[in-house]
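Here are a few notes to read alongside the model. Keep the 3D view open and find each residue as you go.

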Amino acid sequence: MASKMHPETAVIHAGRLREPQGSLVSPIYQSATFVFDDVQTGSARFAGEQSGPIYTRLGNPTVAEFERRMAHLEGADGAVGFASGMAAVSAVLLGLLSSGDHLICNTCLYGCTHSLVSEQLPRFGIEVTQVDFADLEAVRAAIRPSTKMLLLESPVNPHLAVYDLAAVAALAREAQLVSVVDNTFMTPLLQRPKSLGIDIVLHSATKYLNGHGDVIAGVVCADGDTLELLRHRSLKDIGGVLSPHDAWLILRGMKTLALRMERHCLNAQTLAEFLESHPAVTRVYYPGLESHPGHHLLGSQMGAAGGVLALELDADFEQAVAFVNRLKLFSIAVSLGDAESLVQHPASMTHATYQVEDRHRAGIGDTLIRLSAGLENVADLLADLRQALAPLSQSSTLEEAL
Ligand code: 4LM
């Protein structure tokens, strides 16, 4: 039954907890520890000879329901929930790489993933090379005998570059490397990297999966022995455990994921088309636009273009800041994938972790502005953008007249 479910059904039903009272909605197992009938039972559970909960850092029924649902949706053997998206990223890197290993990752990544790979991993003797994954020959050339893993996001935070994941997976397989994709911007409803040959898929569940801006969480979907390493090394020993209450909130949020993604994508597409045609806007970054270099991957790699877009204005830094400050309906806040539309300035916020040269090399301009299209009526969002852009188009009309 489970494997035949459509994704819209699976976000509601896959891996459901069978609860003895028959409650429709799964209860929250809000307990740090679990009672054993006798010492033999406890010992058998610790030894892995008997299944059953022990202690929530080692596994919890509510968290396990979220993990089963995610594993089903991503087409993985299993999944492991973590306390944040960064806990999920670090669980993969610290759990699977060792001193002397080499990692190749994209030049542009979420700001804290960038600081994790560029500042923290070298402290543990893990070497890192950052390469633009648009150039797979450059990725191939960066491979060394000690290279173990490829890591990228697609679409990339914050400028929505898109990479050919099937080609990345083929390269990883050929060179016997583990491929890891951060699928946060897409969710498994819009992109399933494992179906393209990628080994490990992770998410910040803080974003679309939960969707309501009230939880910080992460999840890693993987197969076989890797799952065991993530559970035992990363979760048990490093300890970034997802709380049962937060897992329950994400499960509740996920029931509307399909509906929400549809509206996020529709709103983002409408905003991107409006902005692209506006005289005060010089560039719009959104894979749903024909002008986007990754547009051809829509419909094959990606089911839709997602709810995040970015733009550059025909304006200097102060004017760009003033534009953002004029927005009323878009809240100035980091994060994405919430019901509320959000706007932020990557260079000084989500990607402020970059050295200026590295940020420019990653394609993140000083005046780049990122929007997360929420679930509001798009006419209201358009009106907000229009009023905030108006002073800029008035000045460009004036310049043209002079
Ligand atoms: C943001 N992003 O961009 P936690 N992977 C990706 C992300 O965008 C993020 C994380 C991991 C933003 C947060 C402030 C692609 C986060 C990290 O924040 O640790 O759940 O996820 O606005």
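The points below start at the ligand and then move to the nonpolar core.

1. Before anything else, keep in mind that this is a predicted model.

2. Let's begin with the neighbours of the ligand. There are 18 residues around it, and the closest are Asp182, Thr206, Lys207, Ser335 and Arg370. Sorted by class, that shell holds eight polar, six nonpolar and four charged residues.

3. Now zoom in on some polar atoms. Asp182 has a polar side-chain atom 2.6 Å from a nitrogen atom of the ligand. With Thr206, a side-chain N or O atom sits 2.5 Å from a ligand oxygen atom. Ser335 uses its backbone instead: an N or O atom there is 2.7 Å from an oxygen atom of the ligand. On its own, the ligand has 490 Å² of accessible area, and the protein covers 92% of that.

4. Where does the ligand lie relative to the two domains? Domain 1 (2–254) and domain 2 (257–401) both contribute residues to the shell, so the ligand lies between them.

5. Next, have a look at the largest nonpolar core, which has 90 residues. Phe66, Met70, Val92, Leu93, Leu103 and Ile250 are the ones touching the most other members. Helix H4 (residues 85–96) supplies the largest share of this core, with seven residues.

6. Finally, check the core against the domains too. Domain 1 (2–254) and domain 2 (257–401) each give at least three residues to this core.

Terms used: Residues are numbered from 1 along each chain as its sequence is written. This is a predicted model: local features need pLDDT of at least 70, side-chain atom pairs count only at pLDDT 80 or more; totals for chains, interfaces and linings use all residues. Side-chain values use heavy atoms; hydrogens and water are left out. A residue is near a molecule or strand if one of its heavy atoms lies within 4 Å of it. A polar contact is a pair of N or O atoms within 3.5 Å; within protein, one must be able to donate a hydrogen and the other to accept it, and residues adjacent in sequence count only if both atoms are side-chain atoms. Accessible areas come from the Shrake-Rupley method with a 1.4 Å probe; for residues, only the protein chains shown count as cover. Ala, Val, Leu, Ile, Met, Phe, Trp, Tyr, Cys and Pro count as nonpolar, Asp, Glu, Lys and Arg as charged, and the others, Gly among them, as polar. Domain bounds come from an automatic or database domain assignment. A nonpolar core is a set of buried Ala, Val, Leu, Ile, Met, Phe, Trp, Tyr and Cys residues joined through side-chain atoms within 4.5 Å. Buried means under 20% relative accessible area, exposed over 50%, partly exposed in between (1.4 Å probe, protein chains only). Helices (H or I, at least four residues) and strands (E, at least two) are DSSP runs, numbered from the N terminus.
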